[in-house]
Amino acid sequence: MKYKGEKCSACGNIFTDNDDVVVCPDCGSPHHRQCYAASGRCANHERHGEKFRWKSEIPEKKSEKSAESSTLVTCTECGASIQINEVNCPFCGAECKHEKPADNMSVKDKTFLMFYGVRPDSKMGELTVEEMMSFVKQNSFYYYHLFRRFSDSLGKISFNFMCFVFPPMYFATRRMWGWAAVTTLLSVLLTVPLMLVYMADITLTDDTMRLLSNSAASFIAQNREIFLTAVNICNVVDFVMRMVLCLFGNWMYYIFTVKSIKRIRQEKSKSPLTAGDLRTQGGLLIRNALVIVIVTFVFTAAAMFFMKEIMDIII
């Protein structure tokens, strides 16, 4: 047993092989199952705000250190797999400048999986649980349950509030740039009738703002009911699009995750795939939200410019 010889965080008694141990998913503190159930929370609950992490009181075994030293890394010069403790590559003779591989999973992820009895190397469709959680990073516990259901073909529908409110921002922050571009373009196109009505009203009421020619603005004003009907139709289409993305957004992210990890595997086919490789290309990138806001503004400005030119040509 992994925690044999350690002390229960609640009662202080030493664990034996026959003890049923549960681990706090926040700090990693081990407890007897009955101790945890009796208090209903971790014995170190009050220290969670200090970002407390439980540490073993048993010295690290030499076998663990020797296993670490036998880890394979890739030579930066010839691409050969070599031991991490090599000073010079035995194949090309170059000085080894590799970095120690990052730990495959965070303590929080490991304790979560241990608490639910899930092995990191267990299969989830074409992925392992470890690969999925390393790539997803933020909210990996939430996506673990969703991806498990998707991989077991138990349905594709779930609820993604962000995909309803602002789909391009969700896709951009999750690095799904193809869907981010498509949803941004559709969102702008569906506001075209409303923008035309707005531009006509401004042109006819404010002499200092000539967003359209007088003839184009007058034409829209004369056919205002038709344009408002088009606005209502576009609003309905936009609502339907958001609902579809809200219900299938998580499944789309699952497909993206599977394809991305398979691509990273191919790129790293000559060297061991580490969690660091997956974290680098996955996860949540907040600055992409600002990028997509700027892109949306540019698309909207471009749409207004082209609408003005087209209306001037037609009318």
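Reader: In which helix is Leu185 found?

Author: This is a predicted model, in which local features need pLDDT of at least 70 and side-chain atom pairs count only at pLDDT 80 or more, while totals for chains, interfaces and linings use all residues. Residues are numbered from 1 along each chain as its sequence is written, and side-chain values use heavy atoms, with hydrogens and water left out. Helices (H or I, at least four residues) and strands (E, at least two) are DSSP runs numbered from the N terminus, and the run that holds Leu185 is helix H8.

Reader: Is Leu185 buried, partly exposed or exposed?

Author: Buried means under 20% relative accessible area and exposed over 50%, with partly exposed in between (1.4 Å probe, protein chains only). At a relative accessibility of 42%, Leu185 is partly exposed.

Reader: Which helices each supply at least two residues of the nonpolar patch?

Author: At least two of its residues come from each of helix H8 (177-189) and helix H13 (287-314).

Reader: How many salt bridges does the structure hold?

Author: A salt bridge is a side-chain nitrogen of Lys or Arg within 4 Å of a carboxyl oxygen of Asp or Glu. Among those in this model is the pair Asp201 and Arg224, at 3.0 Å from N to O, and the number held by the structure is seven.

Reader: How many residues apart in sequence are the parts tied together by Arg33 and Asp20?

Author: The closest N and O atoms of the Arg33–Asp20 salt bridge are 2.7 Å apart. Arg33 belongs to helix H1 (residues 33-39) and Asp20 to the segment before strand E1 (21-23), so the parts that the pair ties together are separated in sequence by 13 residues.

Reader: What is the relative accessibility of Glu126, which meets Lys262 in a salt bridge?

Author: The side chains of Glu126 and Lys262 come to 3.1 Å, N to O. The pair links distant parts of the chain, with Glu126 in the loop between strand E5 (123-124) and strand E6 (127-128) and Lys262 in helix H11 (residues 224-267). Lys262 is partly exposed at 35%, and Glu126 also counts as partly exposed, its relative accessibility being 44%.
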